[in-house]
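Biologist: I am new to this structure and should like to understand the terms used to describe it. Please set each value against its definition.

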Amino acid sequence: MKLHKVTVAAAASLVLSLTAVGCGSDDSDNTSSSSGDEKITIGIKFDQPGVGLKTPDGKYTGFDVDVATYVAKELGHDPGDIEWKEAKSADRETLLQRGDVDFIAASYSITPEREKKVDFAGPYLLAHQDVLIRADDDTIKKPEDLNNKKLCSVTGSTSAQNVKDKIAPKAQLQEYGGYSECLTGLENKVIDALTTDDSILAGYAAQPEFKGKFKLGGFKLSNENYGIGVQKGSDLKDQINTALQKMVKDGSWDAAVEKNFGPANYKNEPAPKIGVVVN
Amino acid sequence: MSSQSVLYDVPGPRAKRRNVLLTVVFVVALAALIWWVLQSLADKNQLEWVKWRPFFTDSRAWYTYLLPGLKNTLIAASLAMAIALPLGAVAGIARLSDHWWVRGSAGLVVEFFRAIPVLILMLFANAAYSEFTDISPDSRPLYAVVTGLVLYNASVLAEIVRAGILSLPRGQSDAAKAIGMRKSQVMRHVLLPQSVTAMLPAIVSQLVVIVKDTALGGALLGFSELLASVRPMSANYGANTIASFTVVAVVFVVLNFALTSFASWLEGRLRRGKRTTGAVVGADAVDELATPGEHVSRDDLGGGGRTSASSE
Amino acid sequence: MFDFLEGYDLLAAFWVTVQLTLYSAIGSLVWGTVLAAMRVSPVPLMRGFGTAYVNIVRNIPLTVVIVFTSLGLFQTLGVTLGAKDFTTINFRLAVLGLTAYTSSFVCEALRSGINTVPVGQTEAARAIGLNFPQVLRLIVLPQAFRSVVGPLASVLIALTKNTTVAAAIGVAEAAALMRVMIENEAQLILISVIFAFGFICLTLPTGLFLGWVSKKVSVRR
C-alpha cells in the first residue's frame, strides 16, 4: 500500500486552498489607525438606503456617506483615500475601541451609555424614531393606534421594544435579522408597521421599487442625535466638529439632506448645533 | 445499497399497478403543492420581475455582492479545510495512542470543541485575536471564522479518522506488525492509506458542513461572505428578500453539489485498482464507532511493541 | 464580576433552547424516518423525492432554511401553524425549519442503519410473506434504530447547537439573549464563556447518556 494517491489528493486540496489564498491576499495590506496616514478608514452602514448604502456599482451613497466624505476632506483626505468599512450596529463601539476605523458615521445616536465607551463629534442630524406603514393604511394615525398592530424591527434593537413598553403595550413585535425582511412583511401585509429612525425609513420609502407604496407615520417617538463616533479621548473630535460647522455654513449640509432625503418628502429638522444633544 | 432490492419482492402485476397509482397520487400532491406555493407567491407580488431581474439582467448584482461574497466563502472554507484535515488526522491518531495521557488529552480537547456552538468559538477567536495579536482588522474576521471552523471541524474529523482506522480488519495491523513494521510504519503504510477511502464519504459531508458554516461568520463578525451579501443586496433592490435568499441558496447547493461530485470522483479513482477492505464509514456512523466500548477494546494498535504473530 | 448578569433571564432563554431542541428532535425523528422509508421504498418516484429532498436541504445553510420558514411559509403562504401571536408563530416556525433540516440528517443516519441489518433478516421476513411496510416496521427499522443510537445522538447534539440560528426570525433563545448582552455589556469574553458553558451543560450529558444507551441496545452480531 502506498500513500501515493492520498498524497495526490492532499496536494490537490492544498493547491485549491493556496490559489484561494492567493486571490484573497490583496485586501489585507493597510492598517490605518490614525489620521496622519494617507488613507482613512470610515465606518458606515452598507444596507441603509438614504443613510449608508453600498450600491451595485460598488460605490457608497447616503447622507452619512456625504457627511463623512466632507469631514474626511476637511481632515485632509481625498475621497479616493477613504476606505469604507461596514459598521454594524453591534460592532460600532468595538470597531472604535480597537482602532479598526478612524471614525464612524453610521446612524449612530449619541446616548449616555455609548458615551462611556466612545466620544462623539456632532451631532450632525436630529432624527426621530418613527414608523413606516403602507400608503393605503388609514388605521394608524397616532402612536396609540399601534396597539394590536404588528410591529417589526431588527434583532437586538431597542426601538421596537420602546414602542411596546411605553406607547402601545398591546402591539405585537416581530424581530428579524434585517430591515429588508420587515419590508417584505409590510408588503405582504403580515406586518403593519416597521419602526426605526425616520432617516432610515425615508431612505427605504424613496427607493424606486417602493415609490408610493409606503409612507412615514410622522410620530417623532424619540430624538436620535446622530453623532460621529471617535475613539475615547481622540483629538479627532474637535477637528470633526470644526468640519461639521463648516459643512453647515457653506450649504453642503443642506445639499446633502436634499440629495438623500428629498425624494421621500422627509421633513428633516434644521441642522443641529454642535455639542447640543436634544433629549 | 443492497437493502433496496432486498427489502421488497420484485413487483408483480398488482404491485406494479399499485406503484403506478402511488406515483400518480404523489405527483398530483406534489404538483398541487407547487402550484399553491407559486400561486401564493404571485398573489403577494413576490414573483414580480422587478424582484428577480437584478440576478438575470444586472451583472452588477453578481460583481458587487454575490461574487465577492462567494470568494470570501471559498477562501474561508478552503483554508479551514486545509488546516482542519491534517489537524483532525493527527488528533484522531492521537486518540488511538497507547500512551494514556496522549489519548486522554486528545479526547478531552475533541469532546470540548464538539460541545460548543461554532458561532461562540468564532466570537471568542475574534475577541482573542483583537486582544492579543496585531492581525489587521480587515482580515481578522477571516482569521476568526477559520479558527472557529478549524477547532470544531478538526475535532469532528478526528472522530471520523479514528472510526475509519478502527473499521479496518484487525488482521491488517497484525500482519503489518508480524512483518516487523514499527507503529508509525503500520499507521503510515497500512492503516491510513486503506482507511482514507473508507472515511471519504464522512469527510466529504463534513466538508459540506464547513462550507455552510462560513455563513455563521456573516451574522456577528461582519465577515462578508455569501449569505451576508443578501443584506446590502436586498436593501438596494427594494427588499427582494425572497428572491435574494433563493439565489444564495441555489449558489450554496450548486457549490456543495460540486464538492460532493468531486469527492465521489476522487473516491472512485482511489478505489479503482486498489484492494481495499471494502469498509465504509458512513457519514453518521462515526459516533457509533466512537462510543467507548467494544470498538475501543478492539484497538490493538497501541498494544505496545508486541508483535502478535499469532493472528492469521 | 458577574453583576452584569442582573436583569437578564438566562434560564428562560436556555429553556427556550431546550424546548426548541426537544420538539425539533421529535419532529425530525418522525419525518426523518418517513424520508428514510421513502428512500428505500419500491416506488421510484418516492425514492427520487427522498434523495432530492436530502441532497437539497442538507446543502443549504440552516439560516436560509429558517428565514424561509418565516418569509416564505408565514409571510407569503400564510402558514401560522395554529398560533396567533408572533412569539408562538415564530417558535413553531423555527421548530418546523429545524425539523425540515435535521430530518435529512436523521434520514441518512437511519439509512446507514438499515444497511447494517443483515440481508438474511429481510429475506426471511419476505419468505414468510411480509410485505414492504411490514418488513420495514417489524424487522428492519427496530434493528436499524438500535444500531444508530450513536449517530442519532450526534445529530441531536448538532441540533441543540443549531437552535441558535432561530434568533434570525426573532425566537428569544439563548443566542438571541447573547446578542443582546454583547450589544449592551462590554463583556464579550465573559459572556461567550457563560454561554459556551451553558451549551456544554446541555450537550455533554446528552452525549454521555445516549452513548450509554447505544451500548445498552446495540445489536451484537
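Biologist: What makes the span of helix 7 of chain B close to the expected one?

Modeller: Helix 7 of chain B covers residues 140–166 and has 27 residues. The expected span is 1.5 Å times one less than the number of residues. Helices here are DSSP runs of H or I with at least four residues, strands are runs of E with at least two, and both are numbered from the N terminus. The model is a predicted one, in which local features need pLDDT of at least 70, side-chain atom pairs count only at pLDDT 80 or more, and totals for chains, interfaces and linings use all residues. Residues are numbered from 1 along each chain as its sequence is written, while chains are lettered from A and ligands numbered from 1 in the order in which they are written.

Biologist: Why is helix 7 of chain B called mostly covered?

Modeller: A residue is buried if 20 or more other C-beta atoms lie within 10 Å of its own, exposed if 12 or fewer, and partly exposed in between, with C-beta atoms placed from the backbone. In helix 7 of chain B, 27 of the 27 residues are buried, and the helix is therefore called mostly covered.

Biologist: How do you know which parts of chain B the predictor is confident about?

Modeller: By pLDDT, the predictor's confidence in each residue, from 0 to 100. Chain B averages 79, and 85% of its residues score at least 70. Helix 7 of chain B has the highest mean, 90, and helix 14 (residues 294–297) of chain B the lowest, 31. Over residues 283–312 of chain B, pLDDT stays under 50, although the model has 64 contacts beyond four places in sequence for them. Where pLDDT is low, the predicted coordinates should not be read in detail.

Biologist: What does chain B touch in chain C, and how many residues take part?

Modeller: Two residues are in contact if their C-beta atoms, placed from the backbone, lie within 7 Å. By this rule, 54 residues of chain C and 48 residues of chain B take part. On the side of chain C, helix 9 gives the most, with 12 residues. That side has 33 nonpolar, 15 polar and 6 charged residues. Here Ala, Val, Leu, Ile, Met, Phe, Trp, Tyr, Cys and Pro count as nonpolar, Asp, Glu, Lys and Arg as charged, and the others, Gly among them, as polar.

Biologist: Which elements does chain C contain?

Modeller: Chain C has 9 helices and 0 strands. Buried residues make up 52% of its 221 residues.

Biologist: What makes strand 12 of chain A a paired strand?

Modeller: Two strands pair if DSSP finds at least two bridges between them. Strand 7 (residues 119–134) of chain A is joined to strand 12 of chain A by 7 bridges, so these strands pair, and they run antiparallel. Leu125(A) stands opposite Tyr226(A) in strand 12. Strand 6 (residues 103–104) of chain A is also antiparallel to strand 12, with 2 bridges, and Phe103(A) stands opposite Val230(A). In strand 12 (residues 223–230), 7 of the 8 residues are buried.

Biologist: How do you know where the domains of chain A lie?

Modeller: The bounds come from an automatic or database domain assignment. That assignment gives domain 1 (40–127 + 223–264) and domain 2 (128–216). Their centres, taken over C-alpha atoms, are 25 Å apart, and 16 residues of domain 1 are in contact with 14 residues of domain 2.
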